[in-house]
Amino acid sequence: MEEENSNITGKAPVRIAFIHPDLGIGGAERLVVDAAVGLQSLGKEVIIYTSHCDKRHCFEEIRDGTLKVEIYGDWLPSSIFGKLSILCSTVRQIYLTLVLLFKFRYYDAIFVDQLSTCIPMLLLACRTLLFYCHFPDKYLVKPGGGILKKLYRVPFDSFEAWSVRLADRIVVNSNFTASVFKKAFPKVRKPLRIIHPCVDVKAADLSSQYEISESISSRKLLISVNRYELKKDIALAIESFAALRDLSSDQFSDYLLVIAGGFDTRVAENRKYLELLQDLCKQKGFSYHTVKDDWKNLSIDPQVNVLFLLSVPSDVRDALISTSKILLYTPENEHFGIVPLEAMLREVPVLAQSNGGPLETVFDGKTGWLRPRDPKIWGNVIHEAATNSSYDIKAMGEEGRKSVINEFSADAMASKVESEIMSGICSSTPRRYTIRCFHGSVALLTLAAFTWLITTILSFYSLSFFNVIAGTNDYPNFGLSLWYGGTVTVLLIITVAVLARNV
């Protein structure tokens, strides 16, 4: 207890752990990295636990060792034949959580985002737990699949609703997400705090070391920055680009559409969506070029209309954004959207859909444009903006930069996250500690009982199978199956504990 109190008075650094499923390149990952770096700069001792992190596909702060990262469970599958991704993600996070518990590490605070599966068990490993909701997982499910998919989702959605309620603090990324969260989890009575993601204002002030080749910089750039996922609706950028061609056919060869973003070769959706976008370019009669490495020699032929950049490094991306006329932000009902802030910080106006997070970041007619999803409308805005016929691009860029610096700086976000964490630590009481231990213990016992049930069922059917093979008609002993199931469960627990102590 004395050690815990010393953390509050400053005699020892406050220890904070982040739990994130897949530390790749994306908006959620950018927020986690920014929050971790910000807290670290404020004197906190920070570590990130994840199930996967590829040093070739992550942010620089992870790659260069600025943040300490430990990976557990990467050997477990992220999907099975491209399916059951939520089941695999849940199993991977449970394993990650058990490793952390069996290492007997205790933290002043734990920051959890995306998956809430680990929350009940991690109550045993910290004084306060903050859950950051980018968007309710139940609303991220792709439509279709029929009744079987709905039944498959029931236990995961139910557990999400229960586990989220156990977090000490709940934070969301925007007012839009807050409204969706309340609809998704009506039984959650705890207040929702809003902490917007941030951009690194200081880094943007430094001129990029990357030099764009003349074959690209000499063109009028339009850029779209998003992960290669269907929900990001990158096709809208290509369709709008085609509409622009109809309005300025004589000068269209001066334009270049750059599509940059996170691309993970392990993810089937990334590969398929890239192919779909390339096929769309062919349908529209566009010549395209795709680059996934060799960034030092990035250049294109004059006839190229669309440039695809896969997992582009930050310095290359930032240099391209700074050189662009407009950022095309295509997602519909995006939870927040960090990319528009990065563009406005570099005095580049943003064209986005008139819904979701951009309603809180892009001011129509002042820092960019908010328009419905209509390629012809988008094409017209691009044409008028690029020709300076209706809009003062320079003035809009300057206004956008002011807005970002005042409202969305990294220092401001770090201070808000620190405030939430310290408030949670200071509000800890013996009664709350007892309740947390109860919920954590129930979660662990439930997990053990569920594992026992599954192994018992498998044992029962395995015995039945061997009886058939042996040609006997004896009905398998269910009691023996229970014993086998219990033995396997105990062995699994011991195995995880041994692995945790040795990895």
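**Entry 1: a cysteine in a loop**

I started with C198, which is buried, with a relative accessible area of 2%. My cut-offs: buried means under 20% relative accessible area, exposed over 50%, and partly exposed in between, using a 1.4 Å probe and protein chains only. This is a predicted model, numbered from 1 along each chain as its sequence is written, with local features needing pLDDT of at least 70, side-chain atom pairs counting only at pLDDT 80 or more, and totals for chains, interfaces and linings using all residues. Side-chain values use heavy atoms, with hydrogens and water left out.

C198 is in the loop between β7 (192–194) and α8 (201–205). I take helices (H or I, at least four residues) and strands (E, at least two) as DSSP runs, numbered from the N terminus. Leaving out residues up to four places away in sequence, I find C198 touching D34, I338, F408, S409, A410 and M413; contact here means heavy atoms within 4.5 Å. I also checked V339: it is 141 residues from C198 in sequence, and the two C-alpha atoms are 10.0 Å apart.

For an exposed residue I picked S41, which has a relative accessible area of 60%. S41 lies in helix α2 (residues 27–41). From S41 to R153, 112 residues along the chain, I get 40 Å between C-alpha atoms.

**Entry 2: overall numbers**

I count 19 helices and 14 strands in the protein. The radius of gyration is 25 Å, close to the 23 Å that the globule rule gives for 503 residues, so the protein is as compact as a globular protein of that length. That radius is taken over C-alpha atoms, and the rule is 2.2 Å times the number of residues to the power 0.38. The C-alpha trace spans about 85 × 65 × 45 Å along its principal axes. Of the 503 residues, 51% count as buried. Among contacts between residues at least 6 apart in sequence, 66% join residues at least 24 apart.

**Entry 3: nonpolar cores**

Which residues touch the most other members of the largest nonpolar core? They are I216, L309, L320 and L327, out of 39 residues in that core. A core here is a set of buried Ala, Val, Leu, Ile, Met, Phe, Trp, Tyr and Cys residues joined through side-chain atoms within 4.5 Å. At least two residues each come from β8 (220–225), β9 (255–261), β11 (306–310), α12 (314–323), β12 (326–329), α13 (339–345) and β13 (350–353). α13 gives the largest share, five residues.

I then looked up L320: not counting residues up to four places away in sequence, it touches I212, I216, L221, I223, V258 and L309. There is also a second, separate core of 38 residues, with L76, L98, L129 and A167 among them.

**Entry 4: rings**

I pair rings of Phe, Tyr and Trp (its six-membered ring) if their centres lie within 6.5 Å; planes under 30 degrees apart are stacked, over 60 edge-to-face, the rest tilted. That rule gives 17 aromatic pairs. One of them is Y49 with Y107, edge-to-face at 6.2 Å centre to centre and 75° between the planes. The pair links distant parts of the chain, with Y49 in β2 (residues 45–52) and Y107 in β4 (residues 107–113), 58 residues apart. Both Y49 and Y107 are buried.

Ring pairs also join F241, F252, Y255 and F286 into a cluster. R245 lies over the face of F252, 6.0 Å from the ring centre. R30 does this with F59 at 4.5 Å. My rule for a charge over a ring is NZ of Lys or CZ of Arg within 6 Å of the ring centre and within 35 degrees of the ring normal.

**Entry 5: positive phi**

Most residues other than glycine have a negative phi. S311 has a positive one, about 50°. S311 is in the loop between β11 and α12, and counts as buried at 18% relative accessibility. E347 also has a positive phi, near 60°. E347 is in the loop between α13 and β13 and is partly exposed at 39%.

**Entry 6: the record**

An unreviewed UniProt entry lists residues 441–461 and 481–500 under "transmembrane region". UniProt positions are given in the numbering used here, feature names are shortened, and annotations may be inferred rather than shown by experiment. In the model, residues 441–461 are 100% helix and 0% strand, with end C-alpha atoms 30 Å apart.
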